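Q: I have a model open and would like to go through a few of its details with you. Could you take a look?
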Amino acid sequence: MRTALIGADFEENLGIGILASCLERAGHEVDILPFNVASDTAPLVARVMASPPELVGLSMQFQHRAPEFLALSRALRRAGYRGHVTCGGQFPTLAFQQVLERDHGMSSVVLYDGEKTIVELAAAIEHGQPLTEVAGLALLSDDGVAMRTAERRLPDDLDEIPFPKRYRPHNAHMGIPFIPLLGGRGCWGKCSYCSIVAFYRDGREHGGGRLVRLRSPENVAEEMALLWHRAGGPSIFCFHDDNFTLPSPEQTLERVTAIRRSLDEYGVGTIGIVGKARPDTLTPELCKSLAELGVIRLYVGVENASESGGEHLRRGTQQKQIRKALAACREAGIFNCYNLLVFEPGSTLADARDNAEFIREHAEHPVNFCRAEPYHGTPLHLEMQRDQDLGGSYLGWNYRIEDDKAETLFRVSAAAFRERNFAPRGVANRYMGLGYAGNVLRRFYPGPRADVLHERARMLTRSISLDTHEHLVRAIDLVEGACDADGLERGTARLALDVAAMDRRWHVMLDALYADMASYVAEPREKERVSPTRKLLKLAQQVAVGASMMVAVATTEGCECNTVVDPAPSDTGLRYDGGPDARMVVDPAPIDAGVDAMLVDPAPVDSGVDAGMVVDPAPIDSGMVVDPAPVDAGTDAGMVVDPPPPPMARAETIEEADDDIAYEASGSVKRRLRLVDQWRDSAPREAVRTTDLPLFDPPAPELVARREGEVIVVRVQGVRDAFQARWESEGAIEGEGSEVRWTPATSSDRLAVAVRTRGGIAVVSIAAT
């Protein structure tokens with residue numbers, strides 16, 4: 001039977017690849033189709049309808065892209081598709097009732113881990129069997145009510161699951177193949193905002209199984225070895241496990257050492273490892289050992305640097321542990337960056353100052369910050385829903401921070417840092433990868449110049465972090481000292497324009513450093529010798545990809561070769577270029593990524609890039625951020641804080657961590673706060689903030705431009721209400737209001753405009769190039 005699997009493809013989508021392998025092993029034919037932006041909808045529908053498969057599967061992992069995937073399902077139905085449309089991932093599993101009952105054209109939802117379920121679903125469709133007999137599904141009953149079929153246990157033995165289908169060439173970071181990998185599933189944490197936690201705990205409740213499951217080191221090494229030799233040698237492996245490190249340092253070191261030992265037996269040489277870690281799992285000794293084993297980057301989950309903020313979010317880690325973890329990585333030479341959920345239901349200005357001070361103290365680590373979002377079905381969402389009225393809908397819940405000053409600071413920061421923090425090629429997203437790029441150079445291209453470039457990356461990272469700290473403190477001071485709404489709004493506009501002015505400087509320096517890195521990578525040098533072992537050749541004959549793998553392995557024996565990638569996939573009918581948005585860092589990681597950091601609202605329309613218009617080659621830094629950065633969670637409504645949970649001791653073992661007695665929050669008194677707007681339908685809408693505070697309805701302007709010789713004519717569009725505009729640039733600006741004529745001072749110049757309406761402030765910019 002023919003099946004089409006559709007999902008994000010900013011890097012190889014391991015979730016879809018695993019499902020494709022399972023279906024092909026069962027004898028089905030599978031097409032994998034990328035769906036990266038909403039504009040891909042029409043080409044995808046045309047591709048599917050040209051030769052309709054019996055089953056279409058949508059990999060709808062994260063909430064902020066759910067509207068696009070649901071719109072795709074509706075578009076397929078409007079085009080006349082009559083086959084079965086299913087979906088899976090964290091969001092549709094936790095929101096299966098809404099996904100099925102809201103006329104999106106969805107036939108079923110594959111709940112939790114779907115390897116067995118989707119194979120049984122395909123067999124039932126092929127043979128005309130009742131879908132109600134397939135365990136692990138959600139369906140609509142005859143009366144239109146969503147229902148679950150029989151429960152299915154979370155898979156215990158991950159070694160039984162076939163390796164994912166590698167359906168396209170790997171991305172490359174600094175010329176080195178970047179290969180995503182999944183070595184385990186689940187998390188023992190109890191963070192209230194995390195959909196990963198909610199997904200697996202809900203799965204255990206409805207079918208049983210362990211929260212944390214790991215592939216054996218030998219099984220992981222087998223896949224890595226095949227991929228390493230197939231890529232032609234030195235490679236970066238990005239572990240998308242929810243936690244690369246385990247509760248105890250001894251467990252982690254034993255596991256990673258065992259993987260490296262097996263890799264040696266398969267003739268694998270230089271590798272780099274990227275992963276994620278909870279701060280309470282890291283020690284100086286462990287980090288030093290991990291660095292020696294090839295770990296070059298760890299995403300360390302800081303989330304909130306105030307004690308009260310961490311307690312509100314149930315992080316289960318103390319600030320002392322976080323600081324020790326960052327220091328341990330720094331001393332070991334392991335790059336790390338982090339996100340801060342500065343704004344959460346119980347935030348205060350004192351908490352914000354704690355977070356700002358943390359940024360200053362740890363300036364060598366790049367940071368981004370935003371608001372914690374109550375993802376549908378998470379403890380945070382369920383508790384807030386019980387305690388007060390939320391704005392929004394299941395596609396994105398919104399709330400108002402209880403403390404007025406903290407809520408106002410959130411609104412000021414959303415305007416002032418909008419482009420720096422949330423634009424796909426904003427400064428925050430670009431500098432997130434600087435130190436990582438430096439580590440890639442030192443690992444794979446060692447030498448004095450690599451050390452110099454690494455030091456330049458460290459110093460530039462530090463400067464940008466300190467600049468972010470300075471402007472965040474200015475925002476806090478502005479809120480504390482504001483006497484009226486007009487003064488606050490004027491101060492916000494000035495702050496945002498100052499951030500934009502500094503961003504012009506940072507972009508120039510980032511461009512120069514990444515260009516120097518690219519130049520260094522391009523220098524001729526001797527390649528690492530690749531020599532497959534007999535054990536590898538025997539393995540290649542045994543695995544499902546053996547035929548294609550053997551070709552690559554056989555050609556590398558005894559040679560000195562550069563990167564070899566698989567043939568490009570057959571034409572999908574969709575655009576896949578190497579432009580900056582091919583791996584937009586504000587979009588979610590693929591289904592397997594296990595990252596759910598702060599993604600809920602779409603990227604701002606003013607983010608400075610046109611997703612459908614990119615024609616230039618990818619810049620050297622376009623793929624350097626391997627974890628998604630937060631997007632602008634700028635819509636909100638009323639909310640109230642819950643009492644913090646009791647402190648939790650660190651779990652020393654997975655079995656201890658599995659104890660979730662404290663996971664459910666105690667009940668509290670329901671409170672209602674006035675809402676200005678409540679979403680009523682399932683389509684995405686902007687929620688209006690409460691009008692009792694300033695900046696309640698900020699505009700969402702776009703900049704459009706055309707060239708007239710050396711002059712660029714720039715116009716503001718997309719603003720519904722009357723507005724004032726203030727334009728700033730290093731170059732000459734003629735005119736005012738909604739349209740100006742701009743002569744850039746240099747090719748790297750940028751034009752910024754502050755747009756002020758009755759409801760708020762927005763600052764957007766455009767680059768001369």
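Q: What stands opposite Asn171 in strand 9?
A: Opposite Asn171 stands Phe178 in strand 9, where strands are DSSP runs of E with at least two residues and helices are runs of H or I with at least four, numbered from the N terminus. This is a predicted model, in which local features need pLDDT of at least 70, side-chain atom pairs count only at pLDDT 80 or more, and totals for chains, interfaces and linings use all residues. Residues are numbered from 1 along each chain as its sequence is written, and side-chain values use heavy atoms, with hydrogens and water left out.

Q: In which sense do strand 8 and strand 9 pair, and over how many bridges?
A: Strand 8 and strand 9 (residues 176-181) pair in the antiparallel sense over 3 bridges; pairing requires that DSSP finds at least two bridges between two strands.

Q: And what is the strand order of the sheet?
A: The order is 8-9-12-13-14 in an open sheet of 5 strands with mixed pairing. Strand 8 (171-173) and strand 14 (295-300) each have a single partner strand and stand at the edges, so one side of each is left without a neighbour in the sheet.

Q: New topic: where does Asp9 lie, and is Asp9 buried or exposed?
A: Asp9 lies in the loop between strand 1 (2-7) and helix 1 (14-25), and Asp9 is buried, with a relative accessible area of 4%; buried means under 20%, exposed over 50% and partly exposed in between, with a 1.4 Å probe and protein chains only.
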